[in-house]
Amino acid sequence: MEEKSGDLWSSVVADGNLIATAIHDGHEVRSGVAHLLALPEPERLREEDPYTGSWTVAAGTRIVGRRSRFEVDLNRPREKAVYRTPADAWGLRVWRSDPGENLISTSLAEYDAFYSYVHGVLTDVRKRHGMFVVFDLHSYNHRRDGPDASPADPAANPEVNIGTASMDRDRWAPVVDRFISDLRQFDYRGRHLDVRENVKFRGGHFPRWIHQQFPDSGCALAIEFKKFFMDEWSGSLFPVDHQAILEALRSTVPGVIEEVGRLAND
């Protein structure tokens, strides 16, 4: 097992063909960025994916983003990875003034280093195992009208949204279907989770890049948990719900490994 920790991300690399990532977990910004940000820290936190990094322990190999998506967004294409205008950030004013090309180029150099690193990790897994699965872990808000307002309509906001739009769905059907089935069957505090596919999100740039780079060997599941495990306005965690989600993810691992093994041996 190899552990690495840099400014932009941290990682643990172990043998096995399951990798878990939480690239929006980070909240830090480098010193040269902090004084330029117009967005207050609580608003940044609300749009980030806090607490998702600890779920990556469901896999042997795990990669966790340490920087805020408002400095550089690892789930966007390179040309959109630094939010320059409110239109890039859901109407939010991110910067007090133009961040400047030097700041942007530094952020993009770190973005490039991240993707180069991940490519190396996944290439090694492919060499050793033939095929692999990535749990691309995220979370999303569902109380945008305020802490005391009604939550968003559950019909359009599943507790777990599985994004699969960028993959060859037919090729990876055994893995995707088994993952969804096992997650739905998990006893989540006496009930079953509402797990649906491509309802709220269809998957971002990171899983799309994996499928482009490893079209025959990599299956990246973009897994978005609604923030029912925390208070999205205060940032407070609900520990019991958060831990139950980790156990739910762990319950899917044997089936996913079994199905990808069958595909590798076909």
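The following dialogue explains how to read several features of this predicted model.

Biologist: On what basis are residues numbered and counted in this model?

Modeller: Residues are numbered from 1 along each chain as its sequence is written. The model is predicted, so that local features need pLDDT of at least 70 and side-chain atom pairs pLDDT 80 or more, while totals for chains, interfaces and linings use all residues, and side-chain values use heavy atoms, without hydrogens and water.

Biologist: How many salt bridges does the structure hold?

Modeller: Side chains of opposite charge can pair when their charged atoms come close. A salt bridge is defined as a side-chain nitrogen of Lys or Arg within 4 Å of a carboxyl oxygen of Asp or Glu. The structure holds 24 salt bridges. In one of them, arginine 66 pairs with glutamate 28, with 3.6 Å between the closest N and O atoms. Arginine 66 lies in the loop between β4 (61–65) and α3 (101–129), and glutamate 28 in the loop between β3 (18–22) and α1 (31–34), so the pair ties together parts that are 38 residues apart in sequence. Helices (H or I, at least four residues) and strands (E, at least two) are DSSP runs, numbered from the N terminus.

Biologist: Are arginine 67 and glutamate 110 buried or exposed?

Modeller: Buried means under 20% relative accessible area, exposed over 50%, and partly exposed in between, with a 1.4 Å probe and protein chains only. Both arginine 67 and glutamate 110 are buried. They form a salt bridge whose closest N and O atoms are 2.8 Å apart. This pair links distant parts of the chain, 43 residues apart, with arginine 67 in the loop between β4 and α3 and glutamate 110 in helix α3. By contrast, arginine 66 is partly exposed at 28%, and glutamate 28 is partly exposed at 39%.

Biologist: Where do glutamate 258 and arginine 262 lie?

Modeller: Both lie in helix α6 (residues 239–265), four residues apart, about one turn of the helix. Salt bridges that share partners join Arg178, Asp182, Glu258, Glu259 and Arg262 into one network. The closest N and O atoms of glutamate 258 and arginine 262 are 2.5 Å apart.

Biologist: How many aromatic pairs does the structure hold?

Modeller: Rings of Phe, Tyr and Trp (its six-membered ring) pair if their centres lie within 6.5 Å; planes under 30 degrees apart count as stacked, over 60 as edge-to-face and the rest as tilted. There are 18 aromatic pairs in the structure. The ring centres of tryptophan 55 and phenylalanine 225 are 4.9 Å apart and their planes are at 55°, so the pair is tilted. Tryptophan 55 lies in the loop between α2 and β4 and phenylalanine 225 in strand β8, so the pair ties together parts that are 170 residues apart in sequence. Tryptophan 55 is buried, at 0% relative accessibility, and phenylalanine 225 is also buried, at 0%. Phenylalanine 70 and tyrosine 83 form an edge-to-face pair, 5.6 Å centre to centre with 85° between the planes.

Biologist: Which residues form one aromatic cluster?

Modeller: Trp9, Tyr111, Phe114, Tyr115, Tyr117, Phe206 and Trp209 form one aromatic cluster. Phe206 and Trp209 are among the buried residues of helix α5 (residues 205–213).
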